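Good morning, and thank you for coming. Today I shall present one protein structure and the contacts between its side chains.

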Amino acid sequence: MQPPRERLVVTGRAGWMGMGRGAGRSALGFWPTLAFLLCSFPAATSPCKILKCNSEFWSATAGSHSPASDDAPEFCAALRTYALCTRRTARTCRGDLAYHSAVHGIEDLMGQYNCSKDGPTSQPRLRTLPPPGDSQERSDSPEICHYEKSFHKHSAAPNYTHCGLFGDPHLRTFTDRFQTCKVQGAWPLIDNNYLNVQVTNTPVLPGSAATATSKLTIIFKNFQECVDQKVYQAEMDELPAAFADGSKNGGDKHGANSLKITEKVSGQHVEIQAKYIGTTIVVRQVGRYLTFAVRMPEEVVNAVEDRDSQGLYLCLRGCPLNQQIDFQAFRANAEGPRPHRPEAASPAPAAPDTFPYETAVAKCKEKLPVEDLYYQACVFDLLTTGDVNFTLAAYYALEDVKMLHSNKDRLHLYERTREPPGRAAAAGLPPAPRPLLGSLLLLALLPTFLEAVAV
């Protein structure tokens with residue numbers, strides 16, 4: 001089965017905006033275009049660092065919409081720095097739409113503000129204090145922008161669910177099923193009426209079937225008077241503490257602060273609170289790869305207009321059966337004298353010679369003393385990748401479960417990690433066809449049965 005193409009449909013205001021001189025827009029009016037393009041990068045991890053250039057330019061000019069005459073020289077210096085950054089990454093960004101959009105945007109803005117191409121390229125800080133009444137300063141939000149107050153004003157508290165993805169990669173679904181999957185390329189984790197989450201998994205080692213999450217895109221959809229559409233994107237070595245447009249909340253609407261992003265540990269841990277849908281998202285970079293965890297009300301989880309499209313919604317339905325790996329069978333073979341995968345099991349990468357089974361067990365025991373599926377996932381990852389950082393990925397995944405899961409009795413899981421054929425229907429997968437031989441046997445015996453009844 002080929003992984004689905006990476007495709008995210010962005011609605012709302014993130015479409016193309018022209019950049020003519022007389023447009024009368026903000027100096028950063030082309031940024032929504034970049035936000036749109038940033039969620040359409042190629043599935044494979046690219047050396048193109050245009051996202052870093054975009055982030056640095058926004059940081060240098062945050063809060064400056066239409067620079068005053070006193071700020072124009074500083075704004076031009078930031079633009080020249082931006083242009084220099086794009087030139088440095090030009091060779092690796094050929095064919096990248098976001099790169100070309102940034103280049104054209106820089107040229108347009110330099111023309112608008114009569115910036116010389118020659119001059120200082122430092123990035124001075126411009127005035128960043130928001131004007132009075134700016135959404136960043138609002139502390140109160142409409143009641144409709146607080147999920148528990150609005151959706152459940154006269155009913156019981158909502159039932160929250162959890163989904164997480166980490167390691168090579170391991171998936172814990174909203175229904176507490178635990179799976180180890182291949183899912184190379186781009187796959188949707190969540191797709192409902194309020195947000196989309198998509199991950200891209202790439203090979204850990206050249207030529208290896210072991211994959212891990214190298215890119216994550218989250219789209220928060222425009223919601224009533226609460227938030228504008230916002231895009232958050234992270235990839236290897238790029239864990240921003242802001243949305244793609246540089247903001248840290250839901251935009252210009254009155255309930256903007258019902259969506260907030262907070263940096264817990266610089267470059268390693270980001271938390272996004274979406275109070276208007278009662279949702280908390282945790283994104284981490286552990287080693288080179290990303291982990292994802294979410295806490296979400298069941299009502300939001302199931303808010304999907306086209307239920308037929310839910311088949312690839314991994315957090316709800318799990319990985320397709322042919323994309324799952326039975327790492328317990330792999331572990332059983334790894335314990336033997338010559339670790340190798342059995343022919344009958346799903347394909348998985350061969351264990352590196354540099355990580356013996358006993359060493360993997362010892363390292364995982366240090367962080368995960370309970371021999372649950374997180375511990376087993378840790379051992380599997382060390383055997384398949386040889387990367388000790390996957391120990392921390394499993395550890396933090398369990399820590400996120402402790403923080404986000406509403407049922408404290410279900411923190412540790414000990415079940416199978418591959419759905420047996422008989423449970424496919426219970427897992428929401430299409431039922432397997434009934435055996436043809438059994439049907440033919442019934443047809444063959446039917447005349448004899450009818451004759452006996454008649455007698």
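I shall begin with the protein as a whole, and then turn to disulfides, salt bridges and aromatic rings.

Please keep in mind that this is a predicted model. The protein contains 12 helices and 12 strands. Of its 455 residues, 51% are buried. The exposed surface comes to about 22,000 Å², and carbon and sulfur atoms supply 54% of it. Among contacts with a separation of 6 or more, 64% are between residues 24 or more positions apart.

Let us turn to the disulfides. A disulfide is a covalent bond between the sulfur atoms of two cysteines. How many disulfides does the count come to? The count is seven, and I shall describe three of them.

One of them is formed by C48 and C93, with sulfur atoms 1.9 Å apart. The torsion about this S-S bond is about 95°, so the disulfide is right-handed. C48 sits in the loop between α1 and α2, while C93 sits in the loop between α3 and α4, so that distant parts of the chain, 45 residues apart, are linked. Both C48 and C93 are buried.

Another disulfide is that of C145 and C226, where the sulfur atoms are 2.0 Å apart. With -100° about the S-S bond, the link of C145 and C226 is left-handed. C145 belongs to the loop between α4 and α5 and C226 to the loop between β6 and β7, and the two are 81 residues apart. C145 and C226 are both buried.

The disulfide of C163 and C315 has an S to S distance of 1.9 Å. Why is this disulfide of C163 and C315 left-handed? The torsion about its S-S bond is about -80°, and therefore the disulfide is left-handed. This pair connects strand β1, which holds C163, with helix α7, which holds C315, across 152 residues. C163 is buried at 0% relative accessibility, and C315 is likewise buried, with a relative accessible area of 0%.

I now come to the salt bridges. The whole structure contains six of them. In one, the side chains of D400 and R284 meet, with 2.8 Å from N to O. D400 lies in helix α11 and R284 in strand β10, so the pair ties together parts that are 116 residues apart in sequence. Are these two residues buried or exposed? D400 is buried, with a relative accessible area of 2%, and R284 is buried as well, at 10%.

Helix α11 also holds both K402 and E399, three residues apart, which is about one turn of the helix. These two form a salt bridge whose closest N and O atoms are 3.2 Å apart. K402 is partly exposed, with a relative accessible area of 37%, and E399 is partly exposed at 28%. Elsewhere, salt bridges that share partners join R172, D176 and R410 into one network.

A further salt bridge brings together the side chains of E371 and K365, at 2.8 Å from N to O. E371 counts as partly exposed at 41% relative accessibility, and K365 counts as partly exposed at 33%.

A pair of aromatic rings is described by the distance of the centres and the angle of the planes. There are 11 aromatic pairs in the whole structure. F57 and Y82 are stacked, 4.4 Å centre to centre and with 15° between the planes. F57 lies in helix α2 and Y82 in helix α3, so the pair ties together parts that are 25 residues apart in sequence. F57 is buried at 2% relative accessibility, and Y82 is buried at 2%.

F220 and F243 form an edge-to-face pair, 6.0 Å centre to centre, with 80° between the planes. F220 is in strand β6 and F243 in the loop between β7 and β8, so the pair ties together parts that are 23 residues apart in sequence. F220 is buried, with a relative accessible area of 0%, and F243 is buried at 3%. Finally, ring pairs link F57, F75, Y82 and Y113 into a cluster.

Thank you for your attention.

Technical notes: Residues are numbered from 1 along each chain as its sequence is written. This is a predicted model: local features need pLDDT of at least 70, side-chain atom pairs count only at pLDDT 80 or more; totals for chains, interfaces and linings use all residues. Side-chain values use heavy atoms; hydrogens and water are left out. A salt bridge is a side-chain nitrogen of Lys or Arg within 4 Å of a carboxyl oxygen of Asp or Glu. Helices (H or I, at least four residues) and strands (E, at least two) are DSSP runs, numbered from the N terminus. Buried means under 20% relative accessible area, exposed over 50%, partly exposed in between (1.4 Å probe, protein chains only). Rings of Phe, Tyr and Trp (its six-membered ring) pair if their centres lie within 6.5 Å; planes under 30 degrees apart count as stacked, over 60 as edge-to-face and the rest as tilted. Contact means heavy atoms within 4.5 Å. Accessible areas come from the Shrake-Rupley method with a 1.4 Å probe; for residues, only the protein chains shown count as cover. A disulfide is a pair of cysteine sulfur atoms within 2.5 Å.
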